[in-house]
Amino acid sequence: MPKVSDAHLAARRRQILDAAAACFARDGFHRTSMQDIVRESGISAGLVYRYFAGKDDMIAAIVTEWHDQRQVFATGTVGERSAAYLDYLREVGRPETADRNRLGVQIWAEAVRNERIRDLSRRNVDDPRAAVAEALGSPDADALARVLIAIYQGLVLQTTWDETLDNEAYVRAVETVLTALAARP
């Protein structure tokens, strides 16, 4: 029997995670069954369980991927990081990110209940917070970094439940605040 390639295994894993994410965004973690994920993925239950022991493993994999893909504040000058942050906020308002926004809110809620998901989710807060604090280099840098993260989280939450939210006006207001902060002595 021929060996299955690493690319094939990665594609199957991706197919399962994409199906799980779609189900979780649509129905939440607790209303989504493994059978829902199997049906959405088009893969047999046995094969799904070969990749993941259950929903918690899928949620953890999604959160880990998000961390690995979202290093908005990792490098650059303060100005470059500010521009990247504003672009990150603009992305929240794009129609194609609606499912990801809903999934993000689900993950934050799950982090309150599930210590493993909380620990993984904290990386998505702690790492950018540390990068911003380092870039700012002021005594209140950590607190300011937390405020910027809260602005992002608040925008995601408000966008998820209020389709009339004016994302660009929100981003302009944040840009005004960032400009004022940059101008202070």
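## Helix H2

In this predicted model, helix H2 covers residues 34–41. Helices here are DSSP runs (H or I, at least four residues), numbered from the N terminus. Met34, Asp36, Ile37, Val38 and Ser41 of H2 are buried. Buried means under 20% relative accessible area and exposed over 50%, with partly exposed in between (1.4 Å probe, protein chains only). Gly42 follows H2, and its phi is positive, near 75°.

Residues are numbered from 1 along each chain as its sequence is written. Local features need pLDDT of at least 70 and side-chain atom pairs count only at pLDDT 80 or more, while totals for chains, interfaces and linings use all residues; side-chain values use heavy atoms, with hydrogens and water left out.

## Helix H7

Helix H7 runs over residues 115–136. Its 22 residues reach 31 Å from first C-alpha to last, close to the 32 Å expected at 1.5 Å a residue. The expected span is 1.5 Å times one less than the number of residues. H7 has a kink of about 25°, centred on Arg123. The bend at a residue is the angle between axes fitted to the seven residues ending there and the seven starting there.

Both flanks of the helix have something to show. At the start of H7, a side-chain oxygen of Asn114 comes within 3.0 Å of the backbone nitrogen of Arg116. H7 is followed by Gly137, with a positive phi near 60°. The buried residues of H7 are Ile117, Leu120, Ser121, Val125, Pro128, Arg129, Ala131, Val132 and Ala133.

## Arg129

Arg129 sits in helix H7. It counts as buried because its relative accessibility is 15%. Its side chain makes a polar contact of 2.8 Å with that of Asp126. A polar contact is a pair of N or O atoms within 3.5 Å; within protein, one must be able to donate a hydrogen and the other to accept it, and residues adjacent in sequence count only if both atoms are side-chain atoms.

Which residues does Arg129 touch, not counting those up to four places away in sequence? They are Arg122, Asp142, Ala145, Arg146 and Ile149. Contact means heavy atoms within 4.5 Å.

## Helix H9

Helix H9 spans residues 167–183. Its 17 residues should span 24 Å at 1.5 Å a residue, and the end C-alpha atoms are 24 Å apart, which agrees. Asn167, Tyr170, Val171, Val174 and Leu178 are buried in H9. Seen down the axis, the buried residues fall within an arc of 95°, so they line one face of the helix. The arc is that of the directions from the helix axis to the C-beta atoms. An α-helix has 3.6 residues a turn, so residues three or four places apart point the same way.

The face of H9 turned away from the buried side carries the exposed residues Thr176, Thr179 and Ala183. Asp166 caps the N-terminal end: one of its side-chain oxygens lies 3.3 Å from the backbone nitrogen of Glu168.

## Aromatic pairs

Rings of Phe, Tyr and Trp (its six-membered ring) pair if their centres lie within 6.5 Å; planes under 30 degrees apart count as stacked, over 60 as edge-to-face and the rest as tilted. The count comes to 3 aromatic pairs. Phe24 and Phe29 pair edge-to-face, 4.7 Å centre to centre with 75° between the planes. Phe24 is buried at 0% relative accessibility, and Phe29 is buried at 3%.

Tyr88 and Tyr152 are stacked, 4.8 Å centre to centre with 15° between the planes. Tyr88 lies in helix H5 (residues 78–92) and Tyr152 in helix H8 (residues 141–161), so the pair ties together parts 64 residues apart in sequence. Both tyrosines, Tyr88 and Tyr152, are buried. Tyr88, Trp108 and Tyr152 form one aromatic cluster.

Conventions
Helices (H or I, at least four residues) and strands (E, at least two) are DSSP runs, numbered from the N terminus.
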